[in-house]
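Please open the structure in a viewer and keep the selection tool at hand.

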Amino acid sequence: MKPLAEILRPDSLDTYLGQQHLVGKGAILRNSIEKGQIPSMILWGPPGVGKTTLANIISTTLNTPFFSLSAINSGVKDVRDVIDRAKQYGGNCILFIDEIHRFSKSQQDSLLGAVEKGIVTLIGATTENPSFEVISPLLSRCQVYILQELDREDLISLLNKAKDYIEKTEKRKIEIKQTESLLRISGGDARKLLNAFEMVCSQSKEDMVITNEFVKQIIQQNLSIYDKKGENHYNIISAFIKSMRGSDPNGAVYWLARMIDSGEDPLFIARRMLILASEDIGNANPNALLLANTCFDACNKIGYPECRIILSQTAIYLATSPKSNASYLAIDGALAEVKNSGDLPVPLHLRNAPTKLMKQIGYGNDYKYAHDYQDNFVQQQFLPDKLQGTKFYQPQENTKEKQLLSSLKQHWNGVYDY
């Protein structure tokens, strides 16, 4: 059975909710549609405000062949296949790409020729600023239309339509006594509102009264179903990070798959692995940070679906790497000391002396240039006077940091407690 959000999807501009600045009587986009001369365009707005619906309505109104791709699971080959099929129609086709901001540069490049020659009229939907996420050559060939969150009046109207539909099809009475919880949950997202309303109505097949308290009770039990940016979103990334920290590659790959399947931004995943590479691995394996950084760059260039392999390789590498949070503890310890002791003065011998006066008052005096000494090392004080001998970095029990500990003991014997 189709979800309520799909059943109630508008099929004409007259039944389309919101965006009156674009599709209201006399508005710029409506005029273009009614004239049958639409430009390639980027629809930019938050989730659930009707970007996909508007693309479908445009295609239906113009009676134009319509091709749809999702940037989450489509690659350059899929784009070229659609373009080849569009040529068979003589170029009078619409190509809708959902979440176009997830397309890599090479994927967006593959659209340029077809858009420029009019083989397809591109309609791209994005929740991200197209100035940053869409390449300049493609952006210059498109008109950007900004869609706004649905206002309270629109959302109430949508709720009433949903109520009328359920009452008619299920032959029962539903009273929406209070709407605040449903509206707050929706955040201006029509799809989220309808999903929540459908979930609440599914609790009974009898007549029912919907209150704020009843809605909160039901939604809290099923939050993950409709709120990708809510608690479940953070629970899954937490499980992913903790699996890698706990050296379980199987758990890491499973939670990675959950995020990929839900359409999570690959750069969000890669960014979190970059943090983990330093926070939880650090100098136990310095190559981890290099690989994680390379993973981020590669995902930025390639995008889905191919970057799933790179994400998997990196997650497995990080999960199976030796672990150390010594660097993380060191900087947090140092920051705590800074807050506690304030702006302690820099020792004179560590200060630069660019002027004659500074030299006269002792700036730079007695500084020892490490490279003038054996093994490029000489003991001297690098902390403020009040913090002499304070140790922030403590190497941990792993092969690499054991080597670092041995070196630190040799160099700093009698200064730090290594």
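Begin by selecting helix α9, residues 152–170. Helices (H or I, at least four residues) and strands (E, at least two) are DSSP runs, numbered from the N terminus. The expected span of a helix is 1.5 Å times one less than its number of residues; for the 19 residues of α9 this gives 27 Å, and the end C-alpha atoms are 27 Å apart, so the two values agree. The model is a predicted one, in which local features need pLDDT of at least 70 and side-chain atom pairs count only at pLDDT 80 or more, whereas totals for chains, interfaces and linings use all residues. Residues are numbered from 1 along each chain as its sequence is written, and side-chain values use heavy atoms, with hydrogens and water left out.

Next, show the side chains of α9 that are buried (under 20% relative accessible area, with exposed over 50% and partly exposed in between; 1.4 Å probe, protein chains only). Among them are Asp154, Leu155, Lys163 and Glu167. The buried residues of α9 pack against α1 (4–7), β6 (174–176), α10 (180–186) and α11 (190–201), where contact means heavy atoms within 4.5 Å. After α9 comes Lys171, which has a positive phi, near 55°.

Now turn to the aromatic rings. Rings of Phe, Tyr and Trp (its six-membered ring) pair if their centres lie within 6.5 Å; planes under 30 degrees apart count as stacked, over 60 as edge-to-face and the rest as tilted. By this rule there are seven aromatic pairs. Select Phe66 and Phe96: the ring centres are 6.2 Å apart and the planes stand at 20°, so this pair is stacked. Because Phe66 lies in strand β2 (residues 66–70) and Phe96 in strand β3 (residues 94–98), the pair ties together parts that are 30 residues apart in sequence. Phe66 is partly exposed, at 27% relative accessible area, while Phe96 is buried, at 2%.

How are the rings of Phe67 and Tyr89 arranged? Their centres are 6.2 Å apart and their planes at 65°, so the pair is edge-to-face. Phe67 belongs to strand β2 and Tyr89 to the loop between α5 (76–87) and β3, 22 residues apart. Phe67 is buried, with a relative accessible area of 7%.

Finally, select Phe377, Phe382, Trp412, Tyr416 and Tyr418, which ring pairs link into a cluster. Within this selection, Phe382 is in the loop between α20 (356–360) and α21 (399–411) and is partly exposed, with a relative accessible area of 41%.
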